[in-house]
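Q: Hi! Could you walk me through this one while I have it open?

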Amino acid sequence: MKFGVYNAILHDRTLPEALTVISGLGLTGIEINSGGFLPPVHIPTFDDILVSDAARDDYLGLFEGTGVQIAGLNCNGNPLHPTTAIGEKHADDVRRSILLAGRLGQHRVVTMSGLPGGEPNTTRPNWIVNAWNSASLDVIDYQWSIAAPFWREMDRLAADHDVKVALELHPQNLVFNPADVHRLIEETAATNVGVELDASHLFWQQMDPVAVVQELGELIFHAAAKDVRVNRSNAAVYGVLDNRFRKLGPDEPRTNLGGDEWANEWPKNSSWDFVALGRGHDAVYWSTWLAALHVVDPDMLVNIEHEDTSLGRIEGLEVAASVLLDAAARAGISG
């Protein structure tokens with residue numbers, strides 16, 4: 001297995017500086033953002049690399065002697081967004097990331113399945129949380145009629161470039177659990193579209209990431225190491241679908257997600273939080289997760305994603321890396 005870091009948390013520094021941080025953590029991989037919700041900060045010559053061998057070689061030369069290599073590309077976004085300015089941009093980012101991966105000798109692109117609107121001519125995505133009524137199933141069927149052709153196209157493009165596209169099972173996407181994964185494969189006959197196993201989004205849905213690994217098996221292409229702490233007293237009152245987010249104003253620091261969409265402020269006294277590895281589940285648990293992934297693919301790329309707002313950028317990576325390497329040692333897995 002190879003252990004690394006998803007680079008979004010290090011977008012505040014240059015690529016060489018980020019590589020120094022990752023190497024200092026005892027890790028050997030960097031998963032590089034290539035578009036979607038976030039810009040490709042660490043790929044400033046993206047367009048040049050697509051057409052120029054010299055630009056490609058210059059970029060790859062930045063990694064020589066650092067002890068850190070590229071461990072996949074990441075363009076998480078909503079390629080099925082019904083607003084053209086967002087959906088078409090994110091869809092093109094997926095295509096371009098597949099092409100870039102092929103140019104860089106990479107074989108993994110991480111993204112999300114996306115989420116269309118609920119009917120034609122809408123401008124906002126529609127996530128059906130619980131389809132207890134027939135109209136909700138009609139919406140989902142419509143959304144699959146949008147999603148299947150797109151992912152059939154991406155699968156063929158990925159296969160042509162020897163790339164596997166790994167979808168994060170993220171709520172507010174059409175594909176967010178194993179049943180959806182199986183439906184995607186059935187509707188598209190995909191061979192090069194599968195799953196990025198990010199345990200964090202499974203935890204807060206009350207799923208067991210180890211059981212999900214065992215269910216999906218070889219459909220898992222990639223993995224993200226991120227933890228969740230469920231705050232039981234708050235969850236007992238608000239539930240894990242706690243929706244008390246606050247919209248941030250234009251005069252406040254906020255992250256653009258494309259077009260006129262922005263990330264909201266997290267609920268106060270939340271039902272659950274993203275935390276660094278070990279702050280929700282201990283190293284013993286993570287060792288069982290790594291062992292399950294190792295059975296699927298002994299060469300699996302496992303990258304830390306840091307979104308613990310109570311810890312600094314480097315502090316959070318240090319905590320997560322320590323737990324991840326401890327878990328690997330407990331499982332008898334070398335990096």
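Q: Which residue in strand 4 does Asn 74 stand opposite?
A: Asn 74 stands opposite Val 110. Before we go on, this is a predicted model, where local features need pLDDT of at least 70, side-chain atom pairs count only at pLDDT 80 or more, and totals for chains, interfaces and linings use all residues. Residues are numbered from 1 along each chain as its sequence is written, and side-chain values use heavy atoms, with hydrogens and water left out.

Q: Thanks! And how many bridges join strand 3 and strand 4?
A: Two, in the parallel sense. Strands here are DSSP runs (E, at least two residues), numbered from the N terminus, and two of them pair if DSSP finds at least two bridges between them.

Q: What about strand 2 with strand 3?
A: Strand 2 (residues 29-33) also pairs with strand 3 in the parallel sense, over four bridges. Gly 29 has Gln 69 as its bridge partner in strand 3.

Q: Is strand 3 mostly covered or exposed?
A: Mostly covered, with five of its six residues buried (under 20% relative accessible area, 1.4 Å probe, protein chains only).

Q: New topic: which residues lie nearest the centre of the second largest pocket?
A: Ile 70, Ala 71, Gln 106, Asp 299 and Leu 301, out of 17 lining residues. A pocket is an open set of points on a 1 Å grid over the protein atoms alone, where a 1.4 Å probe fits, with protein on both sides within 12 Å along at least five of seven lines; lining residues have an atom within 4 Å of a point.

Q: Which element gives the most to that lining?
A: Strand 3, with four residues.

Definitions and conventions: Buried < 20%, exposed > 50% of the residue type's maximum accessible area, 1.4 Å probe, protein only.
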